Amino acid sequence: MAERMLKFTTVARRTPEKRAAEERNGDFHEIYADFIDAKANEQASRCSQCGVPYCQTHCPLHNNIPDWLRMTAEGRLEEAYALSQATNSMPEVCGRICPQDRLCEGNCVIEQSGHGTVTIGSVERYLTDKAWEMGWVKPLVAGPDRGQSVGVVGAGPAGLAAAEKLREQGYAVTVYDRHDRAGGLLIYGIPGFKLEKDVVERRTQRLADGGVTFKLGFEVGKDATLEELRAQHDAVLIAVGVYAARDLTVPGGGDKGVVPALDYLIASNKKTLGDDVPAYDSGELNAQGKDVVVVGGGDTAMDCVRTAIRQGATSVTCLYRRDKANMPGSLREVANAEEEGVTFEWLAAPRALSGDANAVTGVKAIRMRLGAPDASGRRSPEEIPGGDFDRPAQLVVKALGFEPENLPQAWSAPELKTTRWGTVKADVRNQMTNLDGVFAAGDIVRGASLVVWAIKDGRDAADAMHRYLKAKAGAPALIAAE
């Protein structure tokens, strides 16, 4: 084993080949090529197999990264895939969109020593794509029928991860979602250049083939109340995510041409999926031929600026009130956006929008500096006197983060307890809400976060629901057999 690993001193770090910006700017296909087998084995062999695997401890799912890297280096690819998927319901998705630079790769020991991190995410993607190609991804097999049913509200990563585990444990599982496709933000919120949609669709198809029932175009609060779902199922999981956009509170913020990030991304994704999107065709949610300003510094903002480039915007500017080092989004995504022609105005914030009720024409902005730390220890941005500047804009995209919708009101469930931030209040020990048999997982509990955290929360919720349903059924024979 030793001669196959620890090659970080002799083998340089390499990522998969990336398409040139001028080539990729014209389409929504993924920008990274696949690793070839030899390159994946070579890069996996750089792992130091350290005694304390910080990559694993800083992965929300605690994936057994060192072991599947070793197996990859040794050519034991099917075993490596089996180990990677044992703790992750969607390893090929995480391999593509996780901010590895802030999680596993950012905490790699050899990265800290200056040799360049192991390309963990690229190897993870390679293994699972190889598994699909070779037929190593097994069909979902339901456990013995328990005679109990579960309703999952939300077909995003948390809901899908929970549905998979619950079906494997023998429950009848129905997933409800208001969109017409399963996948949540994986389908509608993340552009194809980061995550092509067939990658998600083959996962949801596997669930459907395994007996998970999908009721799409189904909106709780309109098609059924929460109480009606509780009457239909032995347990219910709320995994709807957070979709309400934070507003841009500056003069002119309500002008036509100022749109929420998610509306903009959903329109673009629907269009690339071949749907009829009137708001896109009319130009309302289309950047073609326009000067575009995106306000925000997270991964959603990066998705928006890179989408605008591909739609043929005249110019694309990102305004972020802190500096590059303090932005919440992945620096890898910033680098990709810069290559593609996006202009970043760091330490800058909008003060007002120019135009009228019929059209926005520009953004009046102000230069910022980082002042004294706030209560969390983060330095607060403050305006620089005389630092005003203007940017032309016929489309302004608000990418300032997301908040939960008012579920108690929308679902006719005033008894459902929420936090002061509007997220659903769930017991940290078992993820159950104040309503018996109603659980919650993902962003609707923790607030807007990462897909990998949603997957973890969904898997944990499935385990908690399994314990609850076994106790509810009072099935000593089943419990003794497990």
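Colleague: In which strand is Glu345 found?
Modeller: This is a predicted model, in which local features need pLDDT of at least 70 and side-chain atom pairs count only at pLDDT 80 or more, while totals for chains, interfaces and linings use all residues. Residues are numbered from 1 along each chain as its sequence is written, and side-chain values use heavy atoms, leaving out hydrogens and water. Helices (H or I, at least four residues) and strands (E, at least two) are DSSP runs numbered from the N terminus, and the one that holds Glu345 is strand S9.

Colleague: Is Glu345 buried or exposed?
Modeller: Buried means under 20% relative accessible area, exposed over 50%, and partly exposed in between, with a 1.4 Å probe and protein chains only. Because its relative accessible area is 10%, Glu345 counts as buried.

Colleague: Which residue is the bridge partner of Glu345?
Modeller: Strands pair if DSSP finds at least two bridges between them, and S8 (residues 315–320) pairs with S9 (residues 343–346) in the parallel sense over 4 bridges. Glu345 touches, among others, Thr317 and Arg391 (heavy atoms within 4.5 Å), not counting residues up to four places away in sequence. The bridge partner of Glu345 is Leu319.

Colleague: At roughly what angle do the axes of H9 and H19 cross?
Modeller: Axes are lines fitted to C-alpha atoms, for helices over the stretch in contact, with angles from 0 to 180 degrees between N-to-C directions. Helix H9 covers residues 157–168 and helix H19 residues 451–473. Their axes come within 7 Å and cross at roughly 35°.
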